[in-house]
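Let's walk through this model together, one question at a time. Have the viewer open as you read.

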Amino acid sequence: MKHKFLSGIATAALAAVMCIGFVGCGGGAASIKGEEVTQEQWTAAFSDETFSNYKLTIKATAEEKEGDKSGKTNSEVTVTVADKKEHIVMKSSAEGNAYSEDALKEMNREEEFYVDGTGIVPVYYAKNEDGKWEKTSSGMTASSIVGVVKACALFYGQFEYSEEKEGYVLKAAAQLPSGSGDMLKNAVLKFKDGKLAGFVVEYNDEEDGDYSKMVQDYLFTYGGQKVELPSIEK
């Protein structure tokens, strides 16, 4: 078994949520029985119009053990998009002797961002060291979080519906661009009413008492969302 602790599969799961965009649990995407869709419905489900007003809750856990080293990470991200404005809240925690003290400080955190995309150039909001809102030149965006998921719009022919998984899974002979296959080969896409209701990724590798486990769960809600940008104190 080839472990990745030092490069960090657990850390990678946390980074995936923090940087792009993914615990299967009751009420999450893992509990949804997905429906079959046509190619037209599939494409429409990933359109910009569909994603103009939505809420996304992402939960991820990762756990790994190699010899006497072990660790676990948990993360949750809530993304709300409405009227070209975005609100992003990220929470993460980590524990275990696989991580250094500095790494644990970095992984145990909570962050919050806003994005005003109504103008030609996006305006980002984040809290400064005093806990007050201020505008910044760059920041996290909803599109960066859901980008990998929306890329599936091009891959309808590479997926097939699985009764066992209650959603769409990658075909055994699927051909995907370099860099996207590793995640998607363990993914299940679940559609409801012609829209993507959930996206679930599970990874489990065990050998000789060592293991690497990861679960990422995206749950989408469409329509009815509002985002109020924060006030800037002068």
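Before the questions, one definition: on a 1 Å grid over the protein atoms alone, a cavity is a set of points where a 1.4 Å probe fits but cannot get out, while a pocket is an open set with protein on both sides within 12 Å along at least five of seven lines; lining residues have an atom within 4 Å of a point. This is a predicted model, in which local features need pLDDT of at least 70 and side-chain atom pairs count only at pLDDT 80 or more, while totals for chains, interfaces and linings use all residues. Residues are numbered from 1 along each chain as its sequence is written, and side-chain values use heavy atoms, with hydrogens and water left out.

Q: Over which residues does pLDDT stay under 50?
A: pLDDT is the predictor's confidence in each residue, from 0 to 100. The protein chain averages 83, and 85% of the residues score at least 70. Where pLDDT is low, the predicted coordinates should not be read in detail. The stretch with pLDDT under 50 is residues 1-26.

Q: Which element gives the most to the lining of the second largest pocket?
A: This pocket is lined by 19 residues, with Val 81, Lys 84, Glu 86, Ala 142 and Ser 143 nearest its centre. Helices (H or I, at least four residues) and strands (E, at least two) are DSSP runs, numbered from the N terminus. Strand E3 (85-95) and helix H4 (142-150) each supply at least two lining residues. The most, 4 residues, come from H4.

Q: Where on H4 do its buried residues lie?
A: Buried means under 20% relative accessible area, exposed over 50%, and partly exposed in between (1.4 Å probe, protein chains only). In H4, the buried residues are Ala 142, Ile 145, Val 146 and Val 149. Seen down the axis of H4, they fall within an arc of 85 degrees (taken from the directions from the helix axis to the C-beta atoms), so they line one face of the helix.

Q: Is Ser 75 buried or exposed?
A: Ser 75 lies in strand E2 (residues 69-82). Its C-alpha atom is separated by 5.6 Å from that of Lys 91, 16 residues apart along the chain. Because its relative accessibility is 7%, Ser 75 counts as buried.

Q: What is the phi of Asp 83?
A: Asp 83 is found in the loop between E2 and E3, and at 56% relative accessibility it counts as exposed. Most residues other than glycine have a negative phi. For Asp 83 the value is positive, near 55 degrees.

Methods: Contact means heavy atoms within 4.5 Å.
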